[in-house]
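Hi,

Here is the structure I said I'd pass on.

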Amino acid sequence: MSLFNTQNIRIYNSLSGEKEVFKPLNEGYVGMYVCGPTVYSNVHLGNVRTFMSFDVVFRYLKHLDYKVRYVRNITDAGHLENDADEGEDRIAKKARLESIEPMEVVQRYTVDFHNILNEFNFLPPSIEPTATGHIIEQIEIIKSIIDNGFAYEVNGSVYFDIHKYNASKEYGILSKRKLEDLIHNTRALDGQSDKKNPQDFALWKKAEPQHIMRWPSPWSDGFPGWHLECTAMSTKYLGEQFDIHGGGMDLKFPHHECEIAQAEATNNKSPVNYWMHANMLIMNGKKMAKSTGNFILPNEIFSGDNPHITKAYLPSVARFFMLQAHYRSILDFTNNGLLASEKGFFRLMDAINIIDDLKISSTSSFDVNTWKQKCYDAMNDDFNTPILIATLFDAAKFINQVKDGSATITKEDLELLKQTIETFTFDILGLVNVSKENSGTDKLSGAVEILIKLRKEARLNKNFALSDKIRDELAEVGIQLNDSREGTTFTTS
RNA sequence: GACAAGGUGGCUGAAUGGUUAAGGCGACGGAUUGCAAAUCCGUUAUCUAUGAGUUCGAAUCUCAUCCUUGUCUCCA
């Protein structure tokens, strides 16, 4: 019997606005698509948060014995710079600025993206397709949409006819917008003569002579529109209908709305059963933006090289910090929050790392099976990682009590506790175990051990002036001595 | 301006109709220590932006007001 038979997941579906029991189209199999990054610059930390949320979803579904195909694309063709102007694409623009080939930009930032995600201990998706590798598929979809009467060609470009679509379908079904409101709110655009209506969006754009990224098509040498790649790649690898589609809240409109319209216009089917949207990351209570300086790059968290943070943080600490908030809540990225999470993270790790040293008793004062189900309940409830972490701390407290002698545990329960806490902490949350102690190099450890020995002798001789001098001066260079009954260890900061 | 999500303790962040509103950090008290730090244990919101309403009962539903974030235009 597979685990998914005993655990019922409920997912908040953006389409319905409610939590729904998750039932995949094919029992035992899950198809999941997440909109990946546009690789024209370093990956945005908020984007990392979104992908982290879905990394945990992926990990949990796999843990429940589902066979998951997780597709996360790389957008290497660039979205249109501005739908209203010549349709310059972000990657081509960046390439010209830096005088390099477009694919060089793509290569550089794809590598950066993968490096950052590796640091954060992400699982690679099952398929990571690129937009430029699926131009043919995108052209085929455009043909179908034209054949079905929902798109029109003007001067070598093809546009999706929103008004025609809305006559028989519902444009705005995901973002709860009404076409009338959109019309009312659309500003007058100048030089916008090709489209029948301002709400229409491009499926294919004819390339200007100077445009570097271009492909032949029945309509012109050009490039695909901004929303098409996700429809093409999700359909190709997951089918006309699949289970979960995820992305950042900012993509809900128009990107995901257009994906639905494109798929409906092609296959006359709603493409996705469960739409999931991760909320935004802000910093110090404000929007994170390069232009205001309220900004941090992911690798600056690891190096500490950013004015908004006071020290370097382990990737797992940052990961723990983000998972302490629910994916549908706005998360405020602050140095104080990181500091608090760092302490909590090490507290959890310390508890896990002493499990093997615990004394076994003939009875348990803790109901491990009930606690284990609480862990599942947390994740089953729309992947509620903050509740899961709180539950893990229940176990951490119990572990410390056993160590203290104020609680007891049997051999069998200890086995179950250890296995469960490690599964949820490392396999599902994707945290990486670390021991704070003896984190220095071998040579440093040897040198500090000598000082610890000297200090111990001084203390035995009640030469506290000397012992405190050793302790304080080590602290000044960032080496913290930790006394306990068992002896003295040290940590470096 | 329109639409969407949200405003919970010193900070962070869960809980969406029903006993004492999770957890982490901090603070305070205790254990430990020669004294500290580290570690461990315990305590810590008569109350959920503001005002009104629905209900036997609301943080949770409704309305209004204020504020924040997002989208509507490139931005994760």
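This is a predicted model: local features need pLDDT of at least 70, side-chain atom pairs count only at pLDDT 80 or more; totals for chains, interfaces and linings use all residues.

First, the site. An unreviewed UniProt entry puts a "binding site" feature at C35, C230, H255 and E259. They span 225 residues in sequence, but no two of their C-alpha atoms are more than 11.0 Å apart, so they gather at one spot. Of these residues, E259 is included in the lining of the second largest cavity. As for C35, look in the loop that runs between strand 3 (29-34) and helix 1 (45-63).

Helix 1 also takes us to the packing part. Its axis and that of helix 14 come within 10 Å and cross at roughly 135 degrees, which makes helix 1 oblique to helix 14. On the helix 1 side you'll find V56, R59, Y60 and H63, meeting T423, F424, F426, D427 and I428 of helix 14. By class, that contact has five nonpolar, two polar and two charged residues.

Helix 14 (residues 411-428) packs with helix 12 (residues 368-380) too: their axes come within 9 Å and cross at roughly 15 degrees. The two helices are therefore roughly parallel to each other, and their crossing is left-handed. Helix 12 contributes V368, N369, W371, K372, C375, Y376 and M379 to the contact, while helix 14 brings D413, L416, L417, T420, I421, F424 and I428. Those residues divide into 10 nonpolar, two polar and two charged.

Cheers

How values were computed
Residues are numbered from 1 along each chain as its sequence is written. Chains are lettered from A and ligands numbered from 1 in the order in which they are written. Side-chain values use heavy atoms; hydrogens and water are left out. Axes are lines fitted to C-alpha atoms, for helices over the stretch in contact, and angles run from 0 to 180 degrees between N-to-C directions. Helices (H or I, at least four residues) and strands (E, at least two) are DSSP runs, numbered from the N terminus. Angles under 35 degrees count as roughly parallel, over 145 as roughly antiparallel, 65 to 115 as roughly perpendicular and the rest as oblique. A crossing is left-handed if the near helix is turned anticlockwise from the far one by less than a right angle, and right-handed if clockwise. Contact means heavy atoms within 4.5 Å. Ala, Val, Leu, Ile, Met, Phe, Trp, Tyr, Cys and Pro count as nonpolar, Asp, Glu, Lys and Arg as charged, and the others, Gly among them, as polar. UniProt positions are given in the numbering used here, feature names are shortened, and annotations may be inferred rather than shown by experiment. On a 1 Å grid over the protein atoms alone, a cavity is a set of points where a 1.4 Å probe fits but cannot get out, and a pocket is an open set with protein on both sides within 12 Å along at least five of seven lines; lining residues have an atom within 4 Å of a point.
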